[in-house]
Amino acid sequence: MPECSVCHEVKPKVFFAKTPNNNIPEKRKCRSCAAAGPAEDEQNHVTTGDSLLNMSSSSISNIIDKEDAEKEEAIDIKVESKVEESKAEEIADAEDKMKAADAKEKKQTLARSTSTQIKGCNACTDKLAKTAFSKKQWSLKSRRRCKECIESGREVGSSISSEEVKKIDTAEAKKETEVDTAEVKE
């Protein structure tokens, strides 16, 4: 006598539904188990036409509803992953734009700081760093003179550059040395 694969009762063949699965011992079901619906392990399998005939309409609708829910869930997961991908791309683009803006701002700040850290001396017309000027002279505009020009007494408007002044100073120092050596020889 065959055994039901759901309730595991041994019954005569007349108590089993006439389906193709009843010839397979692992899938054999008695009429009462077949009417109750598919076993939990069989709910994931696609049902055939013969097994649908032996099921109640509520069991069939439960199977269809479950399959529809699984399909909808799979679609929702795909949509969510695409939304996450597009959000990730938008975030990456925004980060790239922010990095570019930061780099541009740093360049502008550097250019501003270097251009404000170098000013021209109006006496010798040299472009010098902030350290070459006193605080007072640094803040002046048209009358700015470097420390060297102040020490040498050079006024604004003289067109001699600091290099020319150095040459003149060097020449004057040589002359003084020559005069001193000539006096010593006499």
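## Aromatic pair and its surroundings

Phe133 is buried, at a relative accessible area of 5%. Buried here means under 20% relative accessible area, exposed means over 50%, and partly exposed lies in between (1.4 Å probe, protein chains only). The model is predicted: local features need pLDDT of at least 70, side-chain atom pairs count only at pLDDT 80 or more, and totals for chains, interfaces and linings use all residues. Residues are numbered from 1 along each chain as its sequence is written, and side-chain values use heavy atoms, with hydrogens and water left out.

The count of aromatic pairs comes to one. The rings of Phe133 and Trp138 have centres 5.6 Å apart and planes at 55°, so the pair is tilted. The rule takes rings of Phe, Tyr and Trp (its six-membered ring) with centres within 6.5 Å; planes under 30 degrees apart are stacked, over 60 edge-to-face, and the rest tilted. Trp138 is buried too, with a relative accessible area of 11%. Lys119 lies over the face of Trp138, 4.4 Å from the ring centre. For this, NZ of Lys or CZ of Arg must be within 6 Å of the ring centre and within 35 degrees of the ring normal.

## Overall fold

The chain has six helices and two strands. Along the sequence they run α-α-α-β-β-α-α-α. Helices (H or I, at least four residues) and strands (E, at least two) are DSSP runs, numbered from the N terminus. Of the 186 residues, 19% are buried. The accessible surface is about 14400 Å², and 55% of that belongs to carbon and sulfur atoms. Areas come from the Shrake-Rupley method with a 1.4 Å probe; for residues, only the protein chains shown count as cover. Among contacts (heavy atoms within 4.5 Å) between residues at least 6 apart in sequence, 25% join residues at least 24 apart.

## Salt bridge and helix α4

A search of the whole structure finds one salt bridge. Glu155 and Arg145 form the pair, at 3.8 Å, N to O. Glu155 lies in the loop between α5 (147–152) and α6 (162–185) and Arg145 in the loop between α4 and α5, so the pair ties together parts ten residues apart in sequence. A salt bridge needs a side-chain nitrogen of Lys or Arg within 4 Å of a carboxyl oxygen of Asp or Glu. Arg145 is buried at 16%, while Glu155 is partly exposed at 47% relative accessibility.

Gln137 sits in helix α4 (residues 135–139). Gln137 is buried, at 9% relative accessibility. Beyond its neighbours within four places in sequence, Gln137 is in contact with Arg143, Arg144, Arg145 and Ile150.

Most residues other than glycine have a negative phi. Two exceptions are tabulated.

| Residue | Phi | Place |

His8 is exposed, at 54% relative accessibility. Thr125 is exposed, at 54% relative accessibility.

Cys4 lies in the segment before α1 (31–36). Cys4 is buried, with a relative accessible area of 1%. Cys4 and Phe15 are eleven residues apart in sequence and 9.6 Å apart in space, C-alpha to C-alpha.

Ile75, Val79 and Val83 make a nonpolar surface patch of about 250 Å². Ile75 belongs to helix α3 (residues 57–117). Patch residues have over 30% relative accessible area and no salt bridge; like charges are joined within 9 Å, nonpolar side chains (Val, Leu, Ile, Met, Phe, Trp, Tyr) within 5 Å.
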